[in-house]
Amino acid sequence: MMSLSGHIFHNSFTADHKPLMGEAPEVRGYFLGCGFNSAGMMLGGGCGRELAHWIIHGRPEKDMYGYDIRRFHNSLTGNQCWIRERSHESYAKNYSVVFPFDEPLASRNMRKDPFHQVLMEQGCVFQERHGWERPGWFNKDGPAPVKDYDYYGAYDIKKNVNYKYNELLGKEYTFGFPPHHDVIKSECLSCRHGVAVFDMSYFGKFYLTGPDAKQAADWLFTADVNKKPGDAYYLAIGGGVAEHNWNHIKSVLHDQGFQCQLTDQSEEMGMISIQGPKSREVLQEVLDADLSNEAFPFSTHKIVNAAGHQVRAMRLSFVGELGWELHIPKDSCLPVYSAVMAAGAKHGIINSGYRAIDSLSIEKGYRHWHADLRPDDTPLEAGLGFTCKLKSSIPFQGRDRLEKQKEEGLRRRIVCFTIDEKVPMFGLEAVFRNGVPVGHLRRSEYGYFIDKTIGYGYIRNPDGGVVSADFIKRGEFTLERMGETYKAKAHLKTPFDPENKRVKGIYA
């Protein structure tokens, strides 16, 4: 821990240069509206209005997730070193240009999963999310470890020299394709054509147990999750949103009076995802279970042995391929990983990171939280109606709103766009239909398999009417990037594997 003797920070700057708002995770009914980073005059009006709505109705009207205090993990908010370093860097970079793939240098290595060292030795370039170090991409020129924060050489602290990680970040400072565009391409195509391993250990891993667990699950989740009667549920939740989900679930349990417990096992388990057409051949050597479609169908899970260690295997994919996730107790992580890599060697198995996941997932049309999906979007608008048990009579939170929206028709909906020109897009690009602005992209990535830039955005009908399939089909769309306009094709279904064959193991 670094001491800055003689220097007292007393300012309004927060760890990520955004305000702290919403209900405090520790105390129900205690709301924050502070940390405005010397921009209180500018932000006060809108934030004040949203905070008032939040207090009265339990949630704001607009998407305030980026300002919500629950965006930070509880292990960080009480850590003086994390607060001091991160708020210093947010102040130092106050007026810096924000590049698409930048990462903080302050307060790193706070949460490391069991695979961290072995992946770093293989050239892993890490990203920081929720305090965790998660794999971004794999550098071919050897390790690029993240060093202790040097305060950019201030306060008589020696500046880091020969800092490979910082140099790699600096090369990312572009609005064009990054210099390692081809490295991410090879990670993506190895997954599409062969097999790749993704370390997803930063996921939140919670257990929901107790006499009312089934009742709570019915109310909390839009889908019918009761395949078998049970009073225990295992929840694997995207790492960056784990704290937000934890607090939301706890609040609902409290408000509804459900007799059940939520237990956090995130630090006790690791998770690797083995994906690609050759994943079954690799895992059949490692797991003591029949992995055929009949014995282990898509979207099922089993407790199995992997190289002599008990793991939970789930046949799921966030990249659109045949594959399994292995949820592994902490002490078994490295032996299981070693066994997978040894079995995969003859199949050309590679490590792959989240930059590849971003590309592969958008290509398949899977939604990312707070890009494709925000608190102000509904499942119907997001094309996720299939996750809602509307055909059953089971009540769930938000059901009445969805039924009303289904009846009235959608005034906005998410659409996939592709362009033929080889230019990158990053989200926020304007969407025009017949020359009239109708929305903007929420997220965009390059799709290496279809070899096109892909973007997803919500569009509205300029006359306020329903956005029908016909409205989308009949429109001529363009996307605007930095003043340049590009012809775009709108897709009602994902252009990659629209029939969903690959996740079922069907490769033509």
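Me: Where is His-130 found?
Reply: Helices (H or I, at least four residues) and strands (E, at least two) are DSSP runs, numbered from the N terminus. His-130 sits in the loop between strand 3 and strand 4 (132-138). Its phi is positive, about 65°, although His-130 is not a glycine.

Me: What kind of model is this?
Reply: This is a predicted model, in which local features need pLDDT of at least 70 and side-chain atom pairs count only at pLDDT 80 or more, while totals for chains, interfaces and linings use all residues. Residues are numbered from 1 along each chain as its sequence is written, and side-chain values use heavy atoms, with hydrogens and water left out.

Me: Is His-130 buried or exposed?
Reply: Buried means under 20% relative accessible area, exposed means over 50%, and partly exposed is in between (1.4 Å probe, protein chains only). His-130 has 9% relative accessibility, so it counts as buried. His-17 also has a positive phi of about 65° without being a glycine. That residue lies in the segment before strand 1, and His-17 is partly exposed at 26%.

Me: Which residues touch the most other members of the largest nonpolar core?
Reply: In soluble globular proteins, nonpolar side chains tend to be buried together. A nonpolar core is a set of buried Ala, Val, Leu, Ile, Met, Phe, Trp, Tyr and Cys residues joined through side-chain atoms within 4.5 Å. The largest one here has 33 residues, and Leu-287, Leu-326 and Val-340 touch the most other members. Several elements supply at least two residues each, including strand 3 (124-129), helix 9 (279-286), strand 12 (323-329) and helix 10 (333-344). Helix 10 gives the most, with seven residues.

Me: What is Leu-287 in contact with?
Reply: Contact means heavy atoms within 4.5 Å. Leaving aside neighbours within four places in sequence, Leu-287 is in contact with Val-304, Asn-305, Ala-306, Ala-313 and Leu-326. Apart from this core lies another, of 30 residues, with Leu-105, Trp-132, Leu-169 and Ile-184 among them.

Me: Which residues form a nonpolar patch on the surface?
Reply: Patches are made of residues with over 30% relative accessible area and no salt bridge; like charges are joined within 9 Å, and nonpolar side chains (Val, Leu, Ile, Met, Phe, Trp, Tyr) within 5 Å. Val-97, Phe-175 and Met-482 form such a nonpolar patch, with about 300 Å² of accessible area together. The areas come from the Shrake-Rupley method with a 1.4 Å probe, and for residues only the protein chains shown count as cover. Val-97 is in the loop between helix 3 (80-92) and helix 4, and Val-97 is exposed at 53% relative accessibility.

Me: How many salt bridges does the structure hold?
Reply: Side chains of opposite charge can pair when their charged atoms come close. A salt bridge is a side-chain nitrogen of Lys or Arg within 4 Å of a carboxyl oxygen of Asp or Glu. The structure holds 28 of them. One joins Glu-103 to Arg-129, with the closest N and O atoms 3.1 Å apart. Glu-103 lies in the loop between helix 3 and helix 4 and Arg-129 in strand 3, so this pair ties together parts that are 26 residues apart in sequence. Glu-103 is buried, at 7%, whereas Arg-129 is partly exposed, at 28%.

Me: Where do Lys-404 and Glu-408 lie?
Reply: Both are in helix 12 (residues 399-408), four residues apart, about one turn of the helix. Elsewhere, salt bridges that share partners join Arg-192, Glu-321, Glu-363 and Arg-502 into one network.

Me: What does the side chain of Glu-23 make a polar contact with?
Reply: A polar contact is a pair of N or O atoms within 3.5 Å; within protein, one must be able to donate a hydrogen and the other to accept it, and residues adjacent in sequence count only if both atoms are side-chain atoms. The side chain of Glu-23 makes one with the side chain of Arg-28, at 3.2 Å. A polar atom of the Glu-23 side chain also lies 2.6 Å from the backbone nitrogen of Gly-29. Glu-23 is in strand 1 (residues 20-23) and is buried, at 19%.

Me: What does the side chain of Thr-494 reach at 3.1 Å?
Reply: The backbone nitrogen of Phe-496. A polar atom of the Thr-494 side chain is also 2.8 Å from the backbone oxygen of Glu-363. Thr-494 is in the segment after strand 19 (484-491) and is buried, at 13%.
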